[in-house]
Amino acid sequence: MRAIHHRRLGQHEASAALQRDIDARPGRGYTDHDQFLAHNSRAITAKQLGRTDEALRHFYAAHAAARRTGWSGPLILSVGNLGSYHQDLYNFDDACRLCQEALLMAREAGATQAHVVAAANLVVIHHALGQMTQARAMAQLIVDLGPSLPERLLERLTGPLGLGHLAVGELEAAQAYLDRGATSLLGDGDG
């Protein structure tokens, strides 16, 4: 938790140093859930430090640990984080496959926030792949889930929503979302 706190304060090197120190401690018994949390945190720190290979290694290790837990929360988060990171790296085929998996898992688990975040990622991915109808469909999924979402969450999705409308030439609807200002998706993948 201290390493995550350092990172959220922008102290990425301090976070990485603390994580290395924790790894070097002898006799630590970690559950699969502990390993999921640790690898996920290390992946995010490495990502923020621009260490792509290290980030990927930890995101995949976090996913392996999440699978061993068998719990839907860690599984959804790990698949979503992997998809999102592949999106950042312009590996759109992998990103699409992983985000679709996260979307289905989140829907099945009733994890509305994760469902919407996966859909937002898929808007961007489908748009990048030239799949405009699918991009618009994902934007519509977000709109349809809107009444069940916290207001602040929808406010953070104006970019993907605008892009979804833009994809199919709905310029006024796109402009209405984009006029709300530049936004980003949720946090940094810890949530």
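**Exercise 1.** Work out what joins Arg-51 and Glu-13 by a salt bridge, with their closest N and O atoms 3.2 Å apart, across the chain.

*Solution.* Start with the criterion: a salt bridge is a side-chain nitrogen of Lys or Arg within 4 Å of a carboxyl oxygen of Asp or Glu. Helices here are DSSP runs (H or I, at least four residues), numbered from the N terminus. Finally, check accessibility: Arg-51 is partly exposed at 28%, and Glu-13 is partly exposed at 44%. The classes are buried (under 20% relative accessible area), exposed (over 50%) and partly exposed in between, with a 1.4 Å probe and protein chains only.

A note before going on: this is a predicted model, where local features need pLDDT of at least 70 and side-chain atom pairs count only at pLDDT 80 or more, while totals for chains, interfaces and linings use all residues. Residues are numbered from 1 along each chain as its sequence is written, and side-chain values use heavy atoms, leaving out hydrogens and water.

**Exercise 2.** Find where Arg-97 and Asp-94 lie.

*Solution.* Both belong to helix α6 (residues 92–109), three residues apart, about one turn of the helix.

**Exercise 3.** Decide whether Arg-136 is buried or exposed.

*Solution.* Arg-136 has a relative accessible area of 16%, so it is buried. Its salt-bridge partner is Glu-170 (2.7 Å, N to O).

Conventions
Helix = DSSP H or I, 4+ residues; strand = E, 2+ residues; numbered from the N terminus.
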